[in-house]
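Please open the structure in your viewer and keep the selection panel at hand. The tour below moves from one selection to the next and says what is there at each stop.

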Amino acid sequence: MPGAPTREARLARAKFRAWHRGTREADYMIGGFFDRHHADWDEAALGWFEALLDEDDVEIMAWALEAQPVPEKYAGQMMRQLQMIDYVRI
């Protein structure tokens, strides 16, 4: 029986999921955030991002654009970084 995925496998899966959201806007926002910040993530930050990827794009984008209140489980430094949107390169 295989063990838990390695950090590298988790990051690769997160990158794929971040860049394949279904809309170009979500790809740029979520994928760009991953590209800019993932190298600095500890285990907790990676877990936060993996959980965020399970949410609907419309919700994530509304939180990032501060159009809707951020749920408590996503509030904090990571969400503040996502809300900066200084990582989107078009």
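Predicted model: local features only at pLDDT ≥ 70, side-chain atom pairs only at ≥ 80, totals over all residues.

Once its neighbours within four places in sequence are set aside, phenylalanine 49 is in contact with Ala14, Ala18, Ile30, Phe33, Phe34 and Trp41. With 0% relative accessibility, below the 20% cut-off, phenylalanine 49 counts as buried.

Among the 10 aromatic pairs that the structure holds, phenylalanine 33 and phenylalanine 49 form a tilted one, with 5.9 Å from centre to centre and 35 degrees between the planes. This pair links distant parts of the chain, since phenylalanine 33 lies in helix H2 and phenylalanine 49 in helix H3, 16 residues apart. Phenylalanine 33 also counts as buried, because its relative accessibility is 0%.

Next, select tryptophan 48 and tyrosine 74. Their ring centres are 5.9 Å apart and their planes stand at 85 degrees, which is over 60, so this pair is edge-to-face. Here too distant parts of the chain are linked: tryptophan 48 belongs to helix H3, whereas tyrosine 74 sits in the loop between H4 and H5, 26 residues apart. Both tryptophan 48 and tyrosine 74 are buried.

To see how such rings are joined, select Phe33, Phe34, Trp41, Trp48, Phe49, Trp63, Tyr74 and Tyr87, which ring pairs link into a cluster.

Which residues have the most contacts inside the largest nonpolar core? Select Phe33, Trp41, Trp48, Phe49, Leu52 and Leu82, for these are the ones, in a core of 24 residues. Each of the helices H1, H2, H3, H4 and H5 supplies at least two residues of this core, and its largest share, 6 residues, comes from H3. As a general background, nonpolar side chains in soluble globular proteins tend to be buried together.

For the last stop, select helix H2, residues 24-37. At 1.5 Å a residue, its 14 residues should span 20 Å, and its end C-alpha atoms are 19 Å apart, which agrees. Within H2, the buried residues are Ala26, Asp27, Met29, Ile30, Gly31, Gly32, Phe33, Phe34 and His37. If you then show what covers these buried residues, you will find that it includes helix H1 (7-19), helix H3 (43-53), helix H4 (57-64) and helix H5 (77-84).

Technical notes:
Residues numbered from 1 in each chain as written. Heavy atoms only, no water. Helix = DSSP H or I, 4+ residues; strand = E, 2+ residues; numbered from the N terminus. Expected span 1.5 Å × (residues − 1). Buried < 20%, exposed > 50% of the residue type's maximum accessible area, 1.4 Å probe, protein only. Contact = heavy atoms within 4.5 Å. Core = buried A, V, L, I, M, F, W, Y, C linked by side-chain atoms within 4.5 Å. Phe/Tyr/Trp six-rings, centres within 6.5 Å; stacked < 30°, edge-to-face > 60°.
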